[in-house]
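Here is a short report for a reader new to this structure. Look at the sequence and the model first, then read on.

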Amino acid sequence: MSYYFSKSLDMPFAAAIEHVTRKLAGKGFGILTRIDVEHTMKVKLGVDFKPYMILGTCNPHFAWRALQAEDKIGAMLPCNVIVTEFAPGKVEVAAIDPMAAMGAIGNPKLAATAKDVRLLLQETIEEL
């Protein structure tokens, strides 16, 4: 079982981040965090890395359902979506598969919520 789903896009890195953010918003997801991995690696380790942004996404409705089913699930939230540039003007967008992340917990209510979130994230990636 793969732990993510992804799609490649032909667009500049910054434009891809904005495009992904708009598509996620259209499915009820907000961006809680933005981690610029390229910048962090340069500042903290002095190494060069490709453009790589981690978007910590959250759909409050589903987060609430998950927290009601399993109060420690916050350790696995938010759902991460990454945007990375693999060549100039070429990016890959990948999203965590919530079923893979939360499936091992064995809580049927949580699994149902993870399945719903999975569908929305898959739709978002497919529609990019």
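## The largest pocket

The lining of the largest pocket consists of Y3, Y4, Y52, I54, P78, N80, V81, I82, A94, A95 and I96. This comes from a predicted model. The space in the pocket is about 210 Å³.

What classes of residue make up the lining? Strands β3, β4 and β5 each contribute at least two of the lining residues.

## The sheet

Five strands form an open sheet. Their order is β1-β5-β4-β3-β2, and the pairing is antiparallel. From one strand to the next, the twist averages 20°.

In general, strands of a sheet pair through backbone hydrogen bonds, either parallel or antiparallel.

## Where β1 meets β5

How many bridges join β1 to β5? There are seven, and the two strands run antiparallel. Strand β5 covers residues 90-96. Y4 stands opposite I96 of β5. Both Y4 and I96 are also among the residues that line the largest pocket.

## The helix on the sheet

Helix α1 spans residues 13-26 and packs on the sheet. The helix touches β1, β2, β3 (52-58), β4 (79-87) and β5. The direction of α1 makes about 155° with that of β4.

Key:
Residues are numbered from 1 along each chain as its sequence is written. This is a predicted model: local features need pLDDT of at least 70, side-chain atom pairs count only at pLDDT 80 or more; totals for chains, interfaces and linings use all residues. Side-chain values use heavy atoms; hydrogens and water are left out. Two strands pair if DSSP finds at least two bridges between them. Helices (H or I, at least four residues) and strands (E, at least two) are DSSP runs, numbered from the N terminus. Axes are lines fitted to C-alpha atoms, for helices over the stretch in contact, and angles run from 0 to 180 degrees between N-to-C directions. Contact means heavy atoms within 4.5 Å. On a 1 Å grid over the protein atoms alone, a cavity is a set of points where a 1.4 Å probe fits but cannot get out, and a pocket is an open set with protein on both sides within 12 Å along at least five of seven lines; lining residues have an atom within 4 Å of a point. Grid points are joined across faces, edges and corners, and a volume is the space filled by probe spheres set on the points.
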